[in-house]
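Subject: Structure handover

Hello,

Here is the structure I promised to pass on. Please open it first; my notes follow below.

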Amino acid sequence: MKLPPLRAVHCFEAVARHNSFSQAAEVLNVTQSAVSHQVKLLEDYLGKPLFIRQGRLLSLSDEGKHYYDTVSNALQDIAHASNVIKEGKKSQLRLAMYSTLAVKWLIPRLDKLRQEYPEIDLSLTMVADEPDFNDQTADCFITCKPPKAKYTSELLYNERLYPVCSKQVWDKIKDQAMPDALWDFPLLSVKSVLPAGKEGDDWRTWCQLGQFPLPNHAQMHYFSHLLLSAEAARYNQGIALLNHYFMTEEENQHELVRIPLHDLPTGDNFYFTYKESCADQPNIRKLGAWLRRQCDEMEPH
């Protein structure tokens, strides 16, 4: 089997990824003319143009798009196989996920993963919003909006929030009638919780689900993120609506109390996502199964 020059393939992949010959040259630490020469060699070898050049504009041809999708996976496999030989059986697996979920949920459980699967060297990348789904970002992802093509997505959990307060506040309301006791404290609202993103919608919707009105005199404090409302609740500043996966085990035991009232579904579903071409990688399968078990164990009863 005659193969194209690996150096030429490597240069092509870098140009396609950055959509720039100059940036590819900088990343590869070679001259731009050297990159152009290697890409021309590859195009001559394949007998097809891989890029469409219109002045300074550069884009992949149809053949180039197909070739890039294939060779980028192959180069990743080569790098993975080389690392396994070079570093032994323990191989690094890169997981990208939302920053709060990483800090408040996964990191406190990493020791359990290492004990169960010592062969997995998990490297975390935290993102504030949806990540770029490519091999350069990570090998796998936890996301609410997985790509529709060329990726496999496994459901981890459906997000639901429930009312939470500090132990000090709970001591004041636990013997009172619910939900009336809540209205004596500020309601900590996060406007990004529901799709409309309006202030107070989370508590108004929660009241509607409970089939009781939100009193006009109820006081609200507004936050941009669950992390902020959680901290405010922890410091006795009111009642928050929090994800049951959000709180650490220590907070569950010592700082925050779930108030025994109904949940608020947010409509967000969290998925473990990875490329279809990686479905047979043992460490991907192990990590996915472990994540699902952690979610199952955290389901409230």
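**The cavity**

The count comes to one cavity of 30 Å³ or more. Please keep in mind that this is a predicted model. The volume of the largest cavity is about 30 Å³.

Which residues line the largest cavity? They are Asn 134, Asp 135, Ala 138, Asp 139, Phe 141, Tyr 151, Lys 275 and Cys 278. By type, the lining divides into four nonpolar, one polar and three charged residues. In general, such empty space shows up when a probe the size of a water molecule is rolled over the atoms.

**Strand S6 and its partners**

Now to the strands. Strand S6 covers residues 151–166. Tyr 151 is one of the residues that line the largest cavity. S6 pairs with S11, S9 and S10, taken in turn here.

- S11 (residues 264–275): this strand runs antiparallel to S6, and nine bridges join the two. Asn 158 has Asn 269 in S11 as its bridge partner.
- S9 (residues 239–243): four bridges link this strand to S6, again in the antiparallel sense. Here Val 164 stands opposite Ala 240.
- S10 (residues 256–258): the pairing with S6 is antiparallel and has three bridges. Arg 258 in S10 is the bridge partner of Val 164.

Where does Lys 275 come in? Lys 275 lines the largest cavity, and strand S11 spans residues 264–275.

Best wishes

Key:
Residues are numbered from 1 along each chain as its sequence is written. This is a predicted model: local features need pLDDT of at least 70, side-chain atom pairs count only at pLDDT 80 or more; totals for chains, interfaces and linings use all residues. Side-chain values use heavy atoms; hydrogens and water are left out. On a 1 Å grid over the protein atoms alone, a cavity is a set of points where a 1.4 Å probe fits but cannot get out, and a pocket is an open set with protein on both sides within 12 Å along at least five of seven lines; lining residues have an atom within 4 Å of a point. Grid points are joined across faces, edges and corners, and a volume is the space filled by probe spheres set on the points. Ala, Val, Leu, Ile, Met, Phe, Trp, Tyr, Cys and Pro count as nonpolar, Asp, Glu, Lys and Arg as charged, and the others, Gly among them, as polar. Two strands pair if DSSP finds at least two bridges between them.
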